[in-house]
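Please read this note with the sequence and the model side by side.

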Amino acid sequence: MVLEIEEEKSVFFTGSAGTGKSLLLRAIINALHKKHAKKPDVISVTASTGMAASNIGGMTIHSWGAITPGMHNIEKLISYVKTCRPAHQRWKNTKVLIIDEISMVDGKLFDTLATLADRLRKKTDKPFGGIQLLVTGDFFQLPPVTQARQEPIFAFESAAWAKCIDHIVILKEVFRQKDSHFVDLLNEMRKGTISQQARETFKSLSRPLTFNDGLLPTELFPLRTEVEKSNASRLKSLTGTSHFFVARDSGSAPEDKKRRLLENMVAQGKLELKKDAQVMLIKNMDENLVNGSVGRVLGFYTMALASASVSTPVPSSAGPSSSSKPKSTSQETAATSSSKATTAIRNVQVLEDGHTPIEFSSITSPEKENASPSNGTPGNAKPRSKAAKDDELYPLVEFLTPQGKEIVLIMRDEFRVEDNEGKLLARRVQVPLVLAWAMSIHKSQGQTIQRVKIDLGRVFEKGQSYVALSRAASLDGLQLLRFDPTKVAAHPKVIKWCRELEAKEAAEAAGTAGQ
Ligand SMILES: Nc1ncnc2c1ncn2[C@@H]1O[C@H](COP(=O)(O)OP(=O)(O)OP(=O)(O)O)[C@@H](O)[C@H]1O
């Protein structure tokens, strides 16, 4: 595939859930940015949804191309693009266009993009105006959003697809799930041929999941209202004091538009948390702590106190101030700072009570926090001068990660919406957490979740079941209620397309072997 990309061919790489498409895409983007460091605007990074785009540091395909959703009149679209100078420049300057989560790109939109590229760029015989496409996603996952449950038209059905895509790569090895039995079950779902044995296994997953660390499986729902209801009732049942985090909002959009933009953000306007609340991180920090990591709130502490509780490694002379020993965490070293992660204090050490930060330094209470920590390495903390001023109490969260557990103080982070010209329309500064007893299947796409609960009785759209089930890292971490084989069926158009693709791949492989 590297060769094909270097030869400037347009490539679509796909594979079932967890085969590493996102990881590979990030590596490709990094390599391209390095290669074109002197002319970064020749690389355009986009995705079908805002969430997928933010995970790869890109923008939605609609924003990138200045496309008004639902508008298919090419002349009007061309006139509009020409009034948006940055978008027009992007159309003219881009050499490589990356599109992630292609399964949610409507076939008609794909044709529109191809026509716009032909019309807005210098004349060429090459398809898509000569732009090299690097496209990824899995058509067995969520389909394009349609009006009134109309039949979706997938990108592979568009006239432009066959002309533009030169090379298709199917990734085969699944990395998310280590258990080959689980991988086989998910593959049966993909193909729409679920054996009797697989049915029995799926049915047996209705048992309750219990863990002794207070973290419950995250329940995945098709609708946002169901998610909100479930999280609210769980939070209400906790007896602790509520801590409210009110977002600091700003931006230059007119008030009405700004309100709408802010309402659509994953980060909430008013986040209510309590000790023991189950939460999910909504920003990527590194490979270990990602958008989707689930944890439990241990308590609320200042940044200075948490900074004083980080140790690299635990200094022999500076043990905890009480006789209690540090509770072991999977990572005994403080995290190195990452340019993206500027709003958390990583690897906070706590006492044996499981929630109180150890004070390695001389700081003993929030009141004394102007003192500088002598031993602690404040992980990714902001400079001390800012810390001294910041006396807000932030949630200290114990996250469950693929490497074990990590305790982190989560501070405020920035969420932005910009227009086609890069102007800041809306900005929200908020703690990057949401309640995580429940979440929507839509938001879970792309994530790996250690513990998942799904009620298939609620699922109504093709692809939803596969996305939901394939988020689970293991069968041990999956609870499945009301299993119904008809609810896990993939879209027949996708099954047919995939069979043809695999048959073509097998024929090509046989041809190569026979030469
Ligand atoms: N080559 C690899 N070696 C080891 N682990 C990998 C590799 N590729 C991916 N992983 C891990 O497997 C998990 C799933 O990877 P990733 O999210 O990239 O898959 P995906 O194909 O994009 O999945 P989905 O379609 O469900 O979004 C991640 O935890 C990732 O770190």
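1. Contact means that heavy atoms lie within 4.5 Å of each other. In the protein chain, among contacts with a separation of 6 or more, 75% are made by residues 24 or more positions apart. The model is a predicted one, in which local features need pLDDT of at least 70 and side-chain atom pairs count only at pLDDT 80 or more, while totals for chains, interfaces and linings use all residues. Residues are numbered from 1 along each chain as its sequence is written, and side-chain values use heavy atoms, with hydrogens and water left out.

2. The protein chain has 17 helices and 21 strands, where helices (H or I, at least four residues) and strands (E, at least two) are DSSP runs numbered from the N terminus. Of its 515 residues, 52% count as buried; the word buried stands for under 20% relative accessible area, exposed for over 50%, and partly exposed for what lies in between, with a 1.4 Å probe and protein chains only.

3. A nonpolar core is a set of buried Ala, Val, Leu, Ile, Met, Phe, Trp, Tyr and Cys residues joined through side-chain atoms within 4.5 Å. The largest such core has 87 residues, of which I102, F110, F128, F139, W161 and F202 touch the most other members. Helix 7 (residues 107–120) gives the largest share of this core, namely 7 residues. Apart from it lies another core, of 35 residues, which includes F245, V279, F300 and V350.

4. Which residues does W161 contact, leaving aside its neighbours within four places in sequence? They are F12, I102, F110, V135, F139, A155 and F156.

5. An open sheet of 6 strands has the order 13-15-14-12-11-18, and its pairing is antiparallel; two strands pair if DSSP finds at least two bridges between them. Strand 13 (344–345) and strand 18 (433–435) are the edge strands, each pairing on one side only. Strand 13 runs antiparallel to strand 15 (residues 404–410) and is joined to it by 2 bridges, with A344 standing opposite I410 in strand 15.

6. Most residues other than glycine have a negative phi. F128, although it is not a glycine, has a positive phi of about 55°, and it lies in the loop between helix 7 and strand 5 (132–136). Is F128 buried or exposed? F128 is buried, with a relative accessible area of 1%.

7. D276 is not a glycine either, yet it has a positive phi of about 80°. D276 lies in the loop between strand 10 (270–273) and strand 11 (278–281), and at 31% relative accessibility it counts as partly exposed.

8. On a 1 Å grid over the protein atoms alone, a cavity is a set of points where a 1.4 Å probe fits but cannot get out, and lining residues have an atom within 4 Å of a point. Grid points are joined across faces, edges and corners, and a volume is the space filled by probe spheres set on the points. By this rule there are 2 cavities of 30 Å³ or more. The largest cavity holds about 50 Å³ of space; of the 13 residues that line it, G463, Y466, V488, A489 and A490 are the closest to its centre.

9. The second largest cavity holds about 40 Å³ of space, and its lining residues include F139, F140, K462, G463 and A490.

Definitions and conventions. 1 Å grid on protein atoms, 1.4 Å probe; cavity = no way out; pocket = protein on both sides within 12 Å on 5 of 7 lines; lining within 4 Å.
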